[in-house]
Amino acid sequence: EKLLKNTFTPIEWEGFTPYDQLPPRAPLKQHTEVTLDAPTLDKYVGRYALSPDLLLKVVREGDHLVIQEGTENHEMFAEGDHNFFSKTADDEITFAVDAQGRVTEMVLATGNRTMSFKRIE
C-alpha cells in the first residue's frame, strides 16, 4: 500500500499475497550430477523450437549446458547421457536421439507441463 501510494483500496482486493504470507516452496527433487565429456555435451548444442514464436538455444558452458530463452539463461546439469536437470528450478530435460545418434528433440518437463521442442539446427 505504501509502495503503490494507494491507501484507499485494500491490497486484498487486488489478489496480492504478501511474500511473507506465501506457503513454503516445496523442496526441489534430488538429482545425482554426472560429468559428461565435451563431445557428448556438444552434440546437444543447437536451436530447438516448440513453435515459430518459442525458440530455445542450447549452448555448452564448460561442463554443463545452458538453455537460452531470449535474455534468460538456465543452467542444466547432466544426470545421465541424455538427461539434464536444473539446480534452481524443477526443470528437467531429456534429449531424444535417432538410430544414427543424431539429436532430434528436446523434451522439457517443468512443473506439471511437458513440452517437446524439435531440433531445427
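## Aromatic pairs and the strands around them

Phe 77 is buried, and Phe 85 is buried too; "buried" here is under 20% relative accessible area, with exposed over 50% and partly exposed in between (1.4 Å probe, protein chains only). This is a predicted model, where local features need pLDDT of at least 70 and side-chain atom pairs count only at pLDDT 80 or more, while totals for chains, interfaces and linings use all residues. Residues are numbered from 1 along each chain as its sequence is written, and side-chain values use heavy atoms, with hydrogens and water left out.

So what about the rings? There are five aromatic pairs in the structure. Rings of Phe, Tyr and Trp (its six-membered ring) pair if their centres lie within 6.5 Å; planes under 30 degrees apart are stacked, over 60 edge-to-face, and the rest tilted. Two of the pairs, including the stacked one formed by Tyr 44 and Phe 95, look like this:

| Pair | Centres apart | Planes at | Class |
|---|---|---|---|
| Tyr 44 and Phe 95 | 4.3 Å | 25 degrees | stacked |
| Phe 77 and Phe 85 | 6.4 Å | 45 degrees | tilted |

Helices (H or I, at least four residues) and strands (E, at least two) are DSSP runs, numbered from the N terminus. Tyr 44 counts as buried at 0% relative accessibility, and Phe 95 does at 3%. Ring pairs also join Tyr 44, Tyr 48, Phe 84 and Phe 95 into a cluster.

Phe 95 has contacts beyond the rings. Setting aside neighbours within four places in sequence, its contacts (heavy atoms within 4.5 Å) include Leu 65, His 82, Val 103 and Met 106.

Back at Phe 77, Lys 87 lies over the ring face, 4.0 Å from the ring centre. The test is NZ of Lys or CZ of Arg within 6 Å of the centre and within 35 degrees of the ring normal.

Now the strands, which pair if DSSP finds at least two bridges between them. Strand 1 and strand 2 (residues 54-61) pair antiparallel over five bridges, forming a hairpin with two residues between them. Tyr 48 sits opposite Leu 56 of strand 2. Strand 2 also pairs antiparallel with strand 3 (residues 64-69), over five bridges, and in the turn of that hairpin Gly 62 has a positive phi of about 65 degrees.
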